[in-house]
2 protein chains.
Amino acid sequence: MAQEGGSPFLLSLFIFLFILSSLCDCHPHPAGSMGLMAAARAVSNHTARKVSDIAVEVADYTDVAKRIIDLAVFGAAQNRSHRRLADFTDTIGNRVSGSQNLEMAIKYMYNAMTQDGLDVHLEPVKIPHWVRGKESAEMIAPRAKGLAILGLGSSVGTPPEGIEAEVLVVQSFEELKRRASEATGRIVVFNQPFVSYEETVAYRAYGASEAAKVGAVATLIRSITPFSINSPHTGWQDYQDGVKRIPSACITIEDAELMWRMAQRGQKIVVRLTMGAKTLPDADSFNTVAEITGWEHPEQVVLLSGHLDSWDVGQGAMDDGGGAMISWEALSLIKDLGLRPRRTLRTVLWTAEEQGGVGAQQYYDLHKVNMSNFDLVMESDLGTFAPVALQFTGSDAARKVMAEVVKLLAPINTTTLEAYGEGTDISPWIRAGVPGASLHVADSRYFWFHHSEGDTMTVQDPQDMNLCSALWAVVAYVVADLQDMLPR
Amino acid sequence: MAQEGGSPFLLSLFIFLFILSSLCDCHPHPAGSMGLMAAARAVSNHTARKVSDIAVEVADYTDVAKRIIDLAVFGAAQNRSHRRLADFTDTIGNRVSGSQNLEMAIKYMYNAMTQDGLDVHLEPVKIPHWVRGKESAEMIAPRAKGLAILGLGSSVGTPPEGIEAEVLVVQSFEELKRRASEATGRIVVFNQPFVSYEETVAYRAYGASEAAKVGAVATLIRSITPFSINSPHTGWQDYQDGVKRIPSACITIEDAELMWRMAQRGQKIVVRLTMGAKTLPDADSFNTVAEITGWEHPEQVVLLSGHLDSWDVGQGAMDDGGGAMISWEALSLIKDLGLRPRRTLRTVLWTAEEQGGVGAQQYYDLHKVNMSNFDLVMESDLGTFAPVALQFTGSDAARKVMAEVVKLLAPINTTTLEAYGEGTDISPWIRAGVPGASLHVADSRYFWFHHSEGDTMTVQDPQDMNLCSALWAVVAYVVADLQDMLPR
C-alpha cells in the first residue's frame, strides 16, 4: 500500500507561505529545488494563481519536456514501449478476468517493472470469472451456414445440445417492442446499424434482457463495430434483475445483414446455438502499482493508468496493452533521465476493467479517503495510435494550467487540449471532482479491432507508441512537479 | 453452341462498299438501320476510318447511352444488379469448383437469365475438384495458440494425425535459399511483406514447392492481403513437377508476424498442422452463356463476362458474383429498352476461374476458330465497387474508337480509358490480338476481402453496382452496334 495522507497543521503554514510568495516575483525552479510558491500547493484550489504566472512556470519545463521527447522518440528509449508490449503480449497472449493468463500477466509486469527500478506493489482485488467454453452457431434454414460468433461476457450457456429455434430479426429495440408477439420461443437477431460505440453498445449490453422480456430463448447481436471482415466482437453484457437470463453472443455484421435480408424476403430462418459459457466464483487478482516517489510531497499523486486484463481473443495489444505499456514507459523515461518530481508518479495497471472497471472501482473505494492528494488521474484506454490530443476534465482554473502544459508538446505537434477526459477506470475520481485526463489518438479504426481476434501487435506502430509515451511522460512529470496541485 | 462464322465472299463486296461509302458523307443511324459504312466492318483493320468520322458516329449514341444510364441508375432497374446478386449469393452461398453449390449456381443462373428473356445455353467443361476437408493449426511452443488458416487450392492434406514440426520463419524466397540448411523437416512460415497482389501472390503460388525443395514438410504462408482482422485468405497454388507435394495453407498477417517476432527472439516455435484436403477426379461443369443476337451480324460478338465460381469461403459476392451480375444486368438493360445491336451481345459466366481460368481456357480453345468475329472481349473480375475507368488493350486505332465510346459515360463521370485491359479469363483472346476491356473500380480494399470469409454482400453497394452496370451496358451496346468492328 502506498502512503497517502495530508496534515492539517501544514495548511496554516502553506497559507502563510503562499501569501509571502505572492509578494515576491521569484520564478520557481522546475526540476529539483523547492521554491516558495510550492508551499502554497494545498490551498491553491480557491486561490488560483494568475495565468501569466502559470505560463511562466510551465514554460520553464520546455527543456525538460524536450529531453523526455528526445529520449522517447529519437533516443535510447525509441520503440521501447512497443518492444515491451510485443514481448508481453507475445509471451502471455490475451488475459481475461479470472484466467491464469491474467495471473501470469500481473506477475510478468510486477517483475518487469521491478527490474526497471520502480517501486512496485500489488493491491488485491476479487474479480469476476466468466469462462467462454466451447461455442458455435449454425444457420440450418433456409440453408446450412456456419456463423462466426463470440459469446458475451457474463452470458449463461445453452443446454449441452444447444438451442435450435426460428429467428426473429429486428433492427432496433423499438422494432422488438412492436413485434414482441413474434419473439416468443425465438432467437432474436439484432441487426442494429452502427451509429457510435457509445450509442450502439446498448444492444450488446442490454439485448439479452430486452429479448428475454418478450419471450426470446437466446440473442445473437450484430457486433459493435463499423467494419468487419466477418469478425465477431465480444464484450460485457448486463442481465437485468428479475429478467430471465438467456444466452447471448455477437455475430458478424455480414451474418446479421444476411439474416436480415432473408427475413425481408419472408424466408424462415432457423439457427442452432451452442454455448458452454458459465460464471465461476470470483477469482483473486491484483491492481499492479509502480511508483516514482515524489521528493517533496510523496503523499500527493499523479496517477497514470491502463488496464492489464483483456478479452479472451486476440492479444489484447490495443485494448489495453498499449495503455498499460505507455503508463509504465512514462515512468521509465522520467527515471532514465534522472528526474524525480515533487509529487509521486504512480502507474496503476488495473485488473478486470472489461468486467466493468472492477479493479479500478475497488482502488477508488480504498483510496478515496485520500482524495485531496490526488492531483491528476490519467487513463489511456482508447488506443495508442498516433496521439491527437489530451482530453481533460477539471475546473476552468485547472484547464488553464493544462493548456500551458500541452504547449510543451509542440515538438511532437500534439498541443491540443480537448474537453472531457474520461475513461472507465478513472471515472469515479472524475465524478468526485478530481482532475482527469485521457489520451486521444487517431482512433478511426479502433473499433474495427476492439474485443476481437484482430486486437494484436499488428495494429500497433512503434513510432506512434513513442509519441504516446512522450506525451504521457511530459504531462505526468510536469503536473507532478508544478509547485501547486491542479486547482479543483 | 452459338453461331460464329465469316464468309470470304463477302469480303470483296465489303471492300467495294467501303470505297463507295467513303465517297459520300452520310452519317450512320446508330440503332436500328444499316448504313453503307457498316458494310466495311470486316476490312477496316487496315483502313481505319478517320477519327472525326468515328467521333461523329459514336456521338450519335449520346441519347441511347443516357437512356441506358437513366434506367440503370435512376429508373426501374435501379439496384437490380445488387438485388440479383444478394438473391443469388444468399441462396447459394459460395461456389467452389467441383462443388454441388457451383452446380446449383449454374442452374440458378440458367433459369434466371432464361426467365429474363435472354437466349441461354450451357457449354460443358471438365473442372478440377479439390476439397478442403477439415483443417486446423495450433502453435504448441513457445505457447499454445490456435492459428486461423485456410488451406490452399490443390494442396495435399496431412496424415490424419497432422504434422507437428518446428517452424522456420523466412521473409522471402531469397532468405529461404540462404537458410536452406535449416529447413529440413521444418514447417516453413513465409512472412513476406505485401507489396502488390501481382508480385506477392508468388508466395502463395510457389511457396510449397520452394519449401519442399529444401526439405520442408509443410508451408504456412502469410495471406496475400495488405490488411487483416486476423483473416486468412485462400487461393490456388501450383506444385512444380518433380518436387515433393507438401501441405500448404495461408495463415493471417497477425500470426505470421507473431511467429516472426518469436523467431527473432530466438524462441523455438512448434506448430501442428492438420489438413484433410484432397483432389478428387475432375467434375462436370458448364460455362453459362446468355445472348442478345445481333440483328445484322449475329455471328459477330461483343463478349461480356465474369466468373460464377468462387472460393469455398464467404459468399463470393465480390469475387466474382458482382462481375457476373453486371454482365447479366447489361443485357437486361439493353433488352428492357428494346434495343438490339448490330452484333451479338454474349454474356459468358465462366466456370472454374479460380482454378486457373479453366472454363475460359476451354471456351477459347473451342471458339478461337471464329476469332475474327470476336469484336471485343470484356471481363469484370476486379470488383464492382464505384467504377473508375475502362481498361482497354487493343490497337491504336481501336483505342481511338474506345476513347470516343467512354465519352458517352460523361453522365456518370467515368470517361477515363486506361491502358491494359486484362483478366484471367479474357487473356487468351487478348494475347491473340482480340481487343479486350476490363472494369477498373475503386479497388483499394479489394484484397482485404479477396478469397476470405469477408467476401460477402456486405462489401457491395447498390449504387456502385448501378454505375458499373450502366458502364458495362453502354460500352457493350455501342461497340456491338457501331458499323465497324474494332480495328485490330
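Student: Which residue of chain A forms a salt bridge with Arg265(B), and how far apart are the closest N and O atoms?
Tutor: In this predicted model, the place to look is across the boundary of the chains, because Arg265(B) lies in the loop between helix 8 (253–264) and strand 9 (270–275) of chain B, whereas its partner sits in helix 4 of chain A, so the pair joins two chains. The partner is Asp87(A), and the closest N and O atoms are 2.9 Å apart.

Student: How many salt bridges are there between chain A and chain B?
Tutor: Over all chains, the structure holds 50 salt bridges. One that links the two chains brings together the side chains of Asp90(B) and Arg265(A), at 2.7 Å from N to O. The count between chain A and chain B is six.

Student: What rotation superposes chain A on chain B, and what kind of axis does that relation describe?
Tutor: A rotation of 180 degrees, with 0.0 Å of shift along its axis, superposes chain A on chain B with an RMSD of 0.0 Å. That is the relation of a two-fold axis.

Student: Which residue of chain A has the C-alpha nearest the axis?
Tutor: The axis in question is that of the 180 degrees rotation which superposes chain A on chain B. In chain A, the nearest C-alpha lies 3.2 Å from the axis, and it belongs to Ile229(A).

Student: What percentage of the contact residues of chain A recur in chain B?
Tutor: The contact involves 30 residues of chain A and 30 residues of chain B. The same surface serves both copies, and the share of the contact residues of chain A that recur in chain B is 100%.

Student: Which three residues supply more of the area that chain A buries against chain B than any other three?
Tutor: Between them, chain A and chain B bury about 2300 Å², with 54% of it on carbon and sulfur atoms. Of the area that chain A buries against chain B, 26% comes from three residues, namely Asp90(A), Arg143(A) and Ile229(A).

Student: Is the aromatic pair of Phe227(A) and Phe449(B) stacked, edge-to-face or tilted?
Tutor: A search of the whole structure finds 34 aromatic pairs over all chains. This pair crosses between chains, from Phe227(A) in the loop between strand 7 (218–222) and strand 8 (248–251) of chain A to Phe449(B) in helix 13 of chain B. Planes under 30 degrees apart count as stacked and over 60 as edge-to-face; with 5.9 Å centre to centre and 50 degrees between the planes, the pair of Phe227(A) and Phe449(B) is tilted.

Student: Is the peptide bond from Asp319(A) to Asp320(A) cis or trans?
Tutor: Asp320(A) lies in helix 9 (residues 317–336) of chain A. In chain B, the peptide bond from Asp319(B) to Asp320(B) is cis, with omega near 5 degrees. For the bond from Asp319(A) to Asp320(A), omega is near 5 degrees, and the bond is cis.

Student: What is the value of phi of Asn230(B)?
Tutor: Asn230(B) is found in the loop between strand 7 (218–222) and strand 8 (248–251) of chain B. Its phi is positive in a residue other than glycine, with a value near 55 degrees.

Conventions
Residues numbered from 1 in each chain as written. Chains lettered and ligands numbered in written order. Predicted model: local features only at pLDDT ≥ 70, side-chain atom pairs only at ≥ 80, totals over all residues. Heavy atoms only, no water. Least-squares fit on C-alpha atoms with pLDDT ≥ 70 in both. Contact = heavy atoms within 4.5 Å. Buried area = accessible area lost by both parts, 1.4 Å probe. Salt bridge = Lys/Arg side-chain N within 4 Å of Asp/Glu carboxyl O. Phe/Tyr/Trp six-rings, centres within 6.5 Å; stacked < 30°, edge-to-face > 60°. Helix = DSSP H or I, 4+ residues; strand = E, 2+ residues; numbered from the N terminus.
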